Amino acid sequence: MASEELAKKLQSRLAASEETEPRPELEENLVPAKYQESEAACGDTSTELSAKLNRRLDINEGNAPPRASRVFNPYTEFKEFSRKQIKDMEVMFKRYDTGKDGFIDLMELKLMMEKLGAPQTHLGLKNMIKEVDEDFDGKLSYREFLLIFRRAAAGELQEESGLMALARLSEINVSTEGVSGAKDFFEAKMQALSVSSKFEAEIREEKEERKKQEVEKKERQAAFKQLQSAFCS
């Protein structure tokens, strides 16, 4: 009997000691939930930052895969411009997108600025792209191209910058009412094109002068015929 009672006591003590010892699988549950959430958030943040840094490194090394261009509606996003103005910008963009890939790269921008009569250095071209390059891909999308004219019309571009020269020398007039700085932009554009405008004005004057001479010639011929008929009669 004594041995049985001793055995029962030993079993009860063993069971009690097992209940008081923390189980390894329950240790994770002993950590407060707020600390677990904080650790998870930190992990997500570091992962996102690492991805961005890797993306920037790939871009600098020229190994970044092209990102899909964001689909947008220029007529709703760029409400400060009329449909005609946006159409003109689209025509100009496609004219210099010689690769037909939906972007204007460094060499295409170089050609554009040369055609507009405002050639830029290699560094100047890179700075032009960098100023509106929102996705850091080193080239201009159609949306980023429209941003040039938005910033020009709003007076946000430096007077001597390459982007301002592009906006001025293009054939697109963005001097719409309600756009901040549009009047100044229009006047600056007209000043940049003053030489061309003067030449066109001279051509118009020459045409008007030729028309006037033709009218006077016809009047003289008519008067001579009347005089001749009077003598003959």
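## Basis of the model

Because the model is predicted, local features need pLDDT of at least 70 and side-chain atom pairs count only at pLDDT 80 or more, while totals for chains, interfaces and linings use all residues. Residues are numbered from 1 along each chain as its sequence is written, and side-chain values use heavy atoms, with hydrogens and water left out.

## Packing of α7 and α8

Helix α7 (residues 142-153) packs with helix α8 (residues 162-169) at an angle of about 90°, and their axes are 10 Å apart; axes are lines fitted to C-alpha atoms, for helices over the stretch in contact, and angles run from 0 to 180 degrees between N-to-C directions. The two helices, α7 and α8, are therefore roughly perpendicular to each other (65 to 115 degrees).

In contact (heavy atoms within 4.5 Å), Phe 145, Ile 148, Phe 149 and Ala 152 of α7 meet Leu 163, Leu 166 and Ala 167 of α8. The residues of this contact divide into 7 nonpolar, no polar and no charged, where Ala, Val, Leu, Ile, Met, Phe, Trp, Tyr, Cys and Pro count as nonpolar, Asp, Glu, Lys and Arg as charged, and the others, Gly among them, as polar.

## Loop residues with positive phi

Lys 100 lies in the loop between α4 (83-96) and β1 (103-104), and its phi is near 55°, a positive value in a residue other than glycine. With 63% relative accessibility, Lys 100 counts as exposed (over 50% relative accessible area, 1.4 Å probe, protein chains only).

Phe 136, found in the loop between α6 (122-132) and β2 (140-141), has a positive phi of about 60° although it is not a glycine. At 44% relative accessibility, Phe 136 counts as partly exposed (between the buried limit, under 20%, and the exposed limit, over 50%). Helices (H or I, at least four residues) and strands (E, at least two) are DSSP runs, numbered from the N terminus.

Key. Angles under 35 degrees count as roughly parallel, over 145 as roughly antiparallel, 65 to 115 as roughly perpendicular and the rest as oblique.
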